Amino acid sequence: MSYVDEVIAQVVEKNPAQPEFHQAVKEVLESLRVVVEANEEKFRKDALLERLVNPERQFMFRVPWVDDNGQVQVNTGYRVQFNSAIGPYKGGLRLHPSVNLGIIKFLGFEQIFKNSLTGLPIGGGKGGSDFDPKGKSDREVMAFCQSFMTELCKYIGADTDVPAGDIGTGAREIGYMFGQYKRIRGVYEGVLTGKGLSYGGSLARTEATGYGLLYITKEMLKSNDIDIAGKTIAVSGAGNVAIYAIQKAQQMGAKVVTCSDSTGWVYDPDGIDVAALKEIKEVKRARLTEYKNYRPNSEYHEGKGVWTVKVDIALPCATQNELDLEDAKALVANGVIAVCEGANMPTTLEATQYLQENKVYFVPGKAANAGGVATSALEMSQNSERLSWTFEEVDAKLQNIMVNIFHNLDDAAKKYGFEGNYVVGANIAGFEKVVDAMTAQGIC
Ligand code: NDP
């Protein structure tokens with residue numbers, strides 16, 4: 001059995017009931033096969049892949065809090081510190097009922113390569129809880145966040161592990177967590193990113209993941225002699241990533257005709273109205289059913305369906321495994337040119353293969369959505385300097401980073417004979433730097 005297959009089999013055996021983690025490891029290791037085979041003897045001797053797939057450290061803890069009825073609730077908190085070869089652990093905190101250890105490990109594992117691809121000195125980690133902020137009062141959210149941070153604060157710090165937002169963790173939650181960290185640890189430091197502007201946040205962090213997705217999509221299309229202006233785009237999701245992806249796509253002259261939430265989706269033939277979407281999702285925290293009140297020409301459909309619309313480009317920006325083989329077939333039948341992932345692992349393995357076999361340009365999330373974490377790292381730099389950069393400065397750095405990421409992964413794909421395969425390119429480019437640092441630091 002090859003070394004890659006052996007390690008995949010070990011991961012499946014040792015981590016039962018963690019299908020998302022298995023999926024992420026398979027996807028990464030399969031595409032690293034060529035590099036691993038070229039260095040098999042050394043990597044085996046150093047147990048390099050075994051070290052890569054085992055987190056350096058992982059914490060699971062009880063999070064008790066009191067709801068508005070005086071009832072004590074108990075959630076489970078997680079923080080997985082996966083790999084610190086190239087810098088302090090960095091990765092978001094997901095608050096969603098679906099959160100379990102396997103999901104946090106899949107996200108943390110992916111984060112290692114994503115962070116490496118940014119070219120910035122940040123290692124990989126991820127955390128969160130099965131707490132659902134939806135439908136909770138502000139006081140309940142604060143009670144949860146304070147309890148969560150009371151335990152988490154023992155393991156994190158500006159030079160060790162710097163969490164950020166993710167699904168369910170927005171500015172409000174980061175604020176409550178930061179306040180509690182400061183109160184317990186007694187230090188004012190950049191321990192979290194995604195902070196509010198009045199206490200150390202970075203301009204352009206809110207927009208960064210969505211904007212970054214469009215910067216890399218544009219660069220990828222340009223290098224294939226395609227202009228993004230005039231293209232029709234389907235976006236899924238209606239959260240942070242989706243909203244700013246839609247905004248930037250429109251600024252680039254493309255037309256975005258869809259968005260979705262967990263109950264339904266919108267088709268707006270005239271192009272999504274970003275101001276309306278922001279008001280519904282960011283201000284009212286309401287459902288997309290409301291969109292029709294703002295745009296009578298639009299259609300609202302219950303359930304799933306964004307990928308059935310005829311578009312040139314698809315940008316999945318909601319959640320993992322939201323674009324499956326059926327969806328990929330529908331997109332290809334409708335002549336899609338490119339799929340670039342705003343969310344983490346939104347496309348199933350089968351769907352990715354089908355898209356690639358059908359010559360659809362496919363940029364994986366670990367590259368395409370790296371703008372968020374890259375800007376978080378820029379927030380860390382500003383906190384360390386005790387300075388704040390302007391929106392334009394941060395945005396210019398973000399653009400540079402995304403363009404560089406594309407060329408790094410494109411070059412890596414070409415170097416190993418996989419021209420145009422951006423999944424292989426992203427994994428190899430991310431992996432090479434991490435391996436180099438792990439090797440230099442000895443067996444640890
Ligand atoms: P948000 O919570 O802001 O938004 C998520 C959106 O996706 C919501 O509109 C949600 O709907 C929708 N959604 C969730 N589950 C489903 C589903 N099963 N079907 C359809 N829609 C669904 O999260 P973000 O925008 O921050 O994150 C989206 C993705 O991007 C995640 O995978 C995240 O890990 C990834 N990501 C985010 C980064 C960031 O900076 N924010 C950085 C890098 C990656 P509803 O409103 O009903 O909940």
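A disulfide is a pair of cysteine sulfur atoms within 2.5 Å; by this rule the count comes to zero disulfides. This is a predicted model, in which local features need pLDDT of at least 70, side-chain atom pairs count only at pLDDT 80 or more, and totals for chains, interfaces and linings use all residues. Residues are numbered from 1 along each chain as its sequence is written, and side-chain values use heavy atoms, with hydrogens and water left out.

**Cysteines**
- Cys 145 is in no disulfide, and the nearest cysteine sulfur, that of Cys 153, is 14 Å away.
- Cys 145 counts as buried (under 20% relative accessible area, with exposed over 50% and partly exposed in between; 1.4 Å probe, protein chains only), at 0% relative accessibility.
- The sulfur of Cys 317 is too far for a bond from the closest cysteine sulfur, in Cys 340, at 9.7 Å.
- Cys 317 is also buried, with a relative accessible area of 7%.

**Helix H7**
- Helices (H or I, at least four residues) and strands (E, at least two) are DSSP runs, numbered from the N terminus.
- The buried residues of H7 include Ile 174, Met 177, Phe 178 and Tyr 181.
- An α-helix has 3.6 residues a turn, so residues three or four places apart point the same way.

**Strand S6**
- Strands S6 (residues 232–235) and S7 (residues 255–260) run parallel and are joined by three bridges; two strands pair if DSSP finds at least two bridges between them.
- Strand S6 also pairs with S10 (residues 313–315), in the parallel sense, over three bridges.
- Ala 234 has Thr 258 as its bridge partner in S7 and Ala 314 in S10.
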